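Here is a short briefing on a structure. Please have the sequence and the 3D view open while reading.

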Amino acid sequence: MYLKARKIKDRISGGWVQLVLVFVFVLPLGILASLLYKSWLIMQTTGIGDLLFSSVWRPLAGEFGFFPFIISSIWVTILGLLITAPICLFTAIYLTYYGSNRLSVFMRPVIDILAGIPSVIYGVWGVLIIIPFTGRFLAPLFGYESTGFSIMAGGLVLAIMLIPFILNILIEIFRTVPVEQYEASLSLGATQWESIKHVVVRRSFPGIVSAFALGLSRAFGETIAVLMVVGNVVGVPENLFQPGYPLPALIANNYGEMLSIPMFDSALMFAALILLVVVVFFNLLSRFVIIYLEKRQ
Amino acid sequence: MNQPIISIKNLNLYFGKQHVLKNVNIEIPQNKVTVILGPSGCGKTSLLKTMNRLVDLHENVKISGQVFLDNEDILKDNVDITRIRKKMGLLSQKPSPLPMTIFNNVAYGMRINGIKRKRKLRPLVQKHLIEANLWDEVKDRMNDPASRLSIGQQQRLCLARGLAVNPEIILADEPTSALDPLSSTIIEKQFVELKRDYTIVLVTHVLRQARRIADYIVFMYLGEVIEQGPANEFFENPREEKTKAYLKGAFN
């Protein structure tokens, strides 16, 4: 009797575990399916090519060209990554190979706190600090005029937000490099920097690539902080000090408000679909790159 | 005994409050296999890492005393550590090939030291792989990643890599502990060959290995040097009680 009860319990909990697993697996597919379903209308009427590459954005006339938004997103993301990459790499190297244990014990919670700050705070801080800095200092430095609300401001805020995220991954990766390899390099007469460059960075290269790819996915979808500093003007930005309008900001600003305009709903879902596809693409790409690089080592 | 290549005087080493090496005095003869023998945790590895100053990587290290290499005290602050380390090839317990090809592993040290041309590197890499008794096994796969070699081959690759920077001394920290008996024998034989040109300092806790290849023995226990001397004297007429007990297998 007792045994039977246990068996039933076992079966139920086993089934439950599987059910949850299926849910986790189906969820992203469900999201993808509903986005496809909702954006189907506009893909039918306008065509994917026009949607992606046309710069004409006149929702009232039923013309939806996403090119300005896509370009803005790409600029902001690339700029953010370019600024954050050296900062993260060098900080992670310093914390794992130069700084004392005490320093890294102190820095861990600092990084975690940075990671935990709500993005709207980064946005407000960006408006207070980054906007004037960009408008009054950076833009004139490069010979442009700018209000400060610009692709550059978006990139800077994004770079700062990415630091804790990428830094944590990089530190974890550098910690997995066997100390024997590092010591082996030193014992051959290599300096500390040579050993880090040729052994540590080389060995962690697949990990570094994936850290930045994950950062890229995150950056591409970051909404609120970027929205607050990037200017949100529709148009293809000619330089980094002009305002832009990234895809997430477009969705966040308009969804729920402009839905009386025909097709707008469907257009925004298409924007969401682009975001999802890009993020998934980079995730998969980073995975393949890792597998490829690890095979080569 | 001819002039010692390394002589260690009153060496004390602390990791924080832990007293790891206690007033160690050792003289290591040139072109001989010196075996540092002792049970696990007696400070053998720390002693070895003091000789090429890898202990510097630890935090809260305190060292006092002197380590003379070619009559130069390498513990002084102003010595060029990379130059000191270059004089000593290190072989660790687990082979640790660098994350690159077989060729580049051996060429690594030479490149660091300024030999960049492939044309110049190729014969040197071959020469050192022959010295390490690995050439025949890898000559057709020089561009494979080093991690694809067997563990025993990896250890010989590490030996070749160490030899490539023309060291005077080979420091080996239980280099056969992760290897199969056959690979161990190859490494041991290689050491006996190599002592014509190099001084070998081998750390081990395997008594039989010490009997097979040692010329000179340093026996350590709990951070202290208990006894040192030529191998045959050490094994046939041990002076200290602890040595006799160890030779009977008391601490293993």
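The points below cover the chain contact, the salt bridges and the cavities.

This is a predicted model. Chain A and chain B bury about 2000 Å² between them. One salt bridge is counted between the two chains, and 15 are held by the structure over all chains. A search of the whole structure finds three cavities of 30 Å³ or more.

**Interface of chain A and chain B**

- The size of an interface is often given as the accessible area lost when the parts come together.
- Here that area is about 2000 Å², with 62% of it on carbon and sulfur atoms.
- Chain A brings 24 residues to the contact, and chain B brings 25 residues.
- Glu183(A), Ser187(A) and Leu188(A) supply 32% of the area that chain A buries against chain B.
- Five residue pairs are in polar contact across the interface, both residues being at pLDDT 80 or more.
- Three helices of chain A each supply at least two residues of the side that touches chain B: H7 (179–187), H8 (192–203) and H12 (264–296).
- H7(A) gives the most to that side, with eight residues.
- By class, the side of chain A that touches chain B has eleven polar, seven charged and six nonpolar residues.

**Salt bridges**

- Between chain A and chain B, Glu183(A) pairs with Lys49(B) in a salt bridge. Their closest N and O atoms are 3.2 Å apart.
- Within chain A, Lys38(A) forms a salt bridge with Asp265(A), and the closest N and O atoms are 3.4 Å apart.
- This pair links distant parts of the chain, 227 residues apart. Lys38(A) sits in helix H1 (residues 2–46) of chain A, and Asp265(A) in helix H12 of chain A.
- Helix H12 of chain A also supplies at least two residues of the side that touches chain B.

**Largest cavity**

- The largest cavity has a volume of about 40 Å³.
- Its lining is made by Ser73(A), Val76(A), Thr77(A), Leu158(A), Ala219(A), Phe220(A), Glu222(A), Val226(A), Pro246(A) and Pro248(A).
- Helix H3 (67–98) and helix H9 (205–221) of chain A are the elements that give two or more residues to this lining.
- H3(A) provides the largest share, three residues.
- By class, seven lining residues are nonpolar, two are polar and one is charged.

Technical notes:
Residues numbered from 1 in each chain as written. Chains lettered and ligands numbered in written order. Predicted model: local features only at pLDDT ≥ 70, side-chain atom pairs only at ≥ 80, totals over all residues. Heavy atoms only, no water. 1 Å grid on protein atoms, 1.4 Å probe; cavity = no way out; pocket = protein on both sides within 12 Å on 5 of 7 lines; lining within 4 Å. Points joined across faces, edges and corners; volume = space filled by probe spheres on them. Helix = DSSP H or I, 4+ residues; strand = E, 2+ residues; numbered from the N terminus. Nonpolar A, V, L, I, M, F, W, Y, C, P; charged D, E, K, R; others polar. Contact = heavy atoms within 4.5 Å. Buried area = accessible area lost by both parts, 1.4 Å probe. Salt bridge = Lys/Arg side-chain N within 4 Å of Asp/Glu carboxyl O. Polar contact = N/O pair within 3.5 Å; in protein donor to acceptor, adjacent residues only side chain to side chain.
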